[in-house]
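Here are some notes for a colleague who is meeting this structure for the first time.

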Amino acid sequence: MVSPRISLRRLSYAMVVLMMFSALIVVWSALQHQESTLAIRPVKQGASVPDGFSVWHHLDANGIRFKSITPQDDVLLIKFDSSAQSAAAKAVLDRTLPQGYIIAQQDDDSHVASWMSRLRDTSHRFG
């Protein structure tokens, strides 16, 4: 009679441990897959963004891998697998692109940061 109770208790403990381990794996995998985006925009309004092919050439020449280069409105967006790749690309592009471009990291999962950057970029038009 003692044996079935102990087995049921062990089974419930094992299930709790298994659920906690599964949750830990899900959280870890979500944290490991952090994409990063670099945004390149011209300083002067009406100026053109750099050509995606030239940006690709500069990054490839320095061994920096990226996921995509996408022009969107007046911004050139470059997606990377990690923020370390994005930081390395920013350093390379700061050196190689001509003056007149703002190169900034953009948070993919933070909508507040994108709204703040939009407000910050257009605030000079109000005054």
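This is a predicted model: local features need pLDDT of at least 70, side-chain atom pairs count only at pLDDT 80 or more; totals for chains, interfaces and linings use all residues.

1. Helix α2 passes α3 in a right-handed crossing, where a crossing counts as left-handed if the near helix is turned anticlockwise from the far one by less than a right angle, and as right-handed if clockwise. The two helices pack at an angle of about 115 degrees, with their axes 10 Å apart; axes here are lines fitted to C-alpha atoms, for helices over the stretch in contact, and angles run from 0 to 180 degrees between N-to-C directions. At this meeting, V55, H58 and L59 of α2 touch A89, V92, L93 and T96 of α3, contact being defined as heavy atoms within 4.5 Å.

2. Residues are numbered from 1 along each chain as its sequence is written, and side-chain values use heavy atoms, with hydrogens and water left out.

3. The protein chain has four helices and four strands, and from the N terminus on its elements follow the order α-β-α-β-β-α-β-α. Helices (H or I, at least four residues) and strands (E, at least two) are DSSP runs, numbered from the N terminus. Of the 127 residues in the protein chain, 19% are buried, with buried meaning under 20% relative accessible area, exposed over 50%, and partly exposed in between (1.4 Å probe, protein chains only). Among contacts in the protein chain between residues at least 6 apart in sequence, 67% join residues at least 24 apart.

4. Helix α3, residues 83-96, has 14 residues and reaches 20 Å from its first C-alpha to its last, close to the 20 Å expected at 1.5 Å a residue; the expected span is 1.5 Å times one less than the number of residues. Within α3, S86, A89, V92 and L93 are buried. These residues lie on the same side of α3 because they cover an arc of only 125 degrees around the axis, the arc being that of the directions from the helix axis to the C-beta atoms. On the other side of α3, A84 and R95 are exposed. The cover over the buried residues of α3 includes β1 (36-42), α2 (52-61), β3 (75-80) and β4 (101-106).

5. The four strands form an open sheet in the order β2-β3-β1-β4, with antiparallel pairing, and two strands are taken to pair if DSSP finds at least two bridges between them. Strands β2 (68-72) and β4 stand at the edges with a single partner strand each, so one side of each is left without a neighbour in the sheet. From one strand to the next, the twist averages 20 degrees. Between the antiparallel strands β2 and β3 there are five bridges, and S68 stands opposite K79 in β3.

6. Both helices also lie across strands: α2 across β1, β2 and β3, at about 35 degrees to β3, and α3 across β1, β3 and β4, at about 25 degrees to β1.

7. A last point concerns V43, in the loop between β1 and α2, which is exposed with a relative accessible area of 53%. Leaving aside neighbours within four places in sequence, V43 is in contact with G100, Y101 and I102.
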